[in-house]
Amino acid sequence: MPPFDKHLFICCNRREPGNAKGSCDPAGSEALQKAFKKALAARGLTRRIRANKSGCLDQCEFGPTVVVYPDAVWYSKVTEADVDEIIDEHIIGGRPVQRLLLPERPTEKTVGDV
Ligand code: FES
């Protein structure tokens with residue numbers, strides 16, 4: 001089987017109620033990831049595109065968070081109602097859904113940066 005063309009990583013992290021960082025999946029239902037899988041299956045895309053469950057993507061304040069690779073497109077505050085639009089516009093159409101993009105933030109220098 002050839003490798004996947006794209007991966008969607010859907011944060012399904014769950015923290016205890018009241019945790020200051022919040023949770024992308026407070027119910028622990030993985031409903032958003034399941035909705036992506038269902039939408040991909042309905043379009044016959046599961047052999048080319050994979051919707052993976054992810055742990056915390058470190059963008060909790062913007063969650064539920066989804067990132068698409070290799071595009072490196074990050075989405076914030078994604079709901080099940082947004083799934084069809086992301087699949088149709090971005091994954092199939094090649095046009096990231098602008099209204100759901102993670103807000104731009106200054107990049108942080110990390111070890112190894114020059
Ligand atoms: S809990 Fe989802 S990005 Fe941190």
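How many bridges join β1 to β3, and do these strands run parallel or antiparallel? Four bridges join them, and the strands run antiparallel. The model is predicted.

## The sheet

Four strands make up an open sheet. Their order is β2-β1-β3-β4, and the pairing is mixed. β2 and β4 are the edge strands, each pairing on one side only. On average, neighbouring strands of the sheet are turned by 20 degrees against each other, direction ignored.

Individual bridges can be found by residue. Phe 9 has Val 67 in β3 as its bridge partner. β3 also pairs with β4, in the antiparallel sense, over three bridges. Val 68 is partnered by Val 73 in β4. Val 66 is partnered by Tyr 75, also in β4.

Helix α1 lies across β1 and β2. It runs at about 170 degrees to β2. The largest nonpolar core has 19 residues. Those with the most contacts inside this core are Ile 10, Phe 36, Ala 39, Leu 40, Val 83 and Ile 87. β1, α1 (31–42), β2 and α2 are the elements that each give two or more residues to the core. α1 supplies the largest share, five residues. In soluble globular proteins, nonpolar side chains tend to be buried together.

Leu 40 is one of the core residues with the most contacts. Beyond four places in sequence, Leu 40 touches Leu 45, Thr 46, Ile 49, Ala 51 and Ile 87. Ile 87 is itself on the list of residues with the most contacts in the core.

## Ile 10 in strand β1

Ile 10 sits in strand β1, which covers residues 6–11. Why does Ile 10 count as buried? Ile 10 is buried because 26 other C-beta atoms lie within 10 Å, and the cut-off for buried is 20 or more.

With neighbours within four places in sequence left aside, Ile 10 contacts Leu 32, Gln 33, Phe 36, Ala 51, Asn 52, Lys 53, Ser 54 and Val 66. Of these, Phe 36 is also listed among the core residues with the most contacts. Val 78 is 68 residues from Ile 10 in sequence. In space, the two are 9.4 Å apart, C-alpha to C-alpha.

## Two cis peptide bonds

Which peptide bond ending at Pro 64 is cis? The bond from Gly 63 to Pro 64 is cis, with omega near 0 degrees. Pro 64 is in the loop between β2 (49–54) and β3 (66–69). Pro 64 counts as buried because it has 26 C-beta neighbours inside 10 Å. Not counting residues up to four places away in sequence, Pro 64 touches Cys 11, Cys 24, Asp 25, Leu 32, Lys 77 and Val 78. Ser 23 is 41 residues from Pro 64 along the chain, and their C-alpha atoms are separated by 7.6 Å.

The peptide bond from Tyr 69 to Pro 70 is also cis, with omega near 10 degrees. Pro 70 lies in the loop between β3 and β4 (73–75).

The hairpin of β3 and β4 has three residues between the strands. Within this hairpin, Ala 72 takes a positive phi near 55 degrees. Ala 72 is a residue other than glycine.

Lys 77 is in the loop between β4 and α2 (83–92). Its phi is near 50 degrees, again a positive value in a residue other than glycine. Lys 77 counts as partly exposed, because it has 15 C-beta neighbours inside 10 Å. Lys 77 is also one of the residues touched by Pro 64.

Key: Residues are numbered from 1 along each chain as its sequence is written. This is a predicted model: local features need pLDDT of at least 70, side-chain atom pairs count only at pLDDT 80 or more; totals for chains, interfaces and linings use all residues. A residue is buried if 20 or more other C-beta atoms lie within 10 Å of its own, exposed if 12 or fewer, and partly exposed in between; C-beta atoms are placed from the backbone. Two residues are in contact if their C-beta atoms, placed from the backbone, lie within 7 Å. A nonpolar core is a set of buried Ala, Val, Leu, Ile, Met, Phe, Trp, Tyr and Cys residues joined through C-beta atoms within 7 Å. Two strands pair if DSSP finds at least two bridges between them. Axes are lines fitted to C-alpha atoms, for helices over the stretch in contact, and angles run from 0 to 180 degrees between N-to-C directions.
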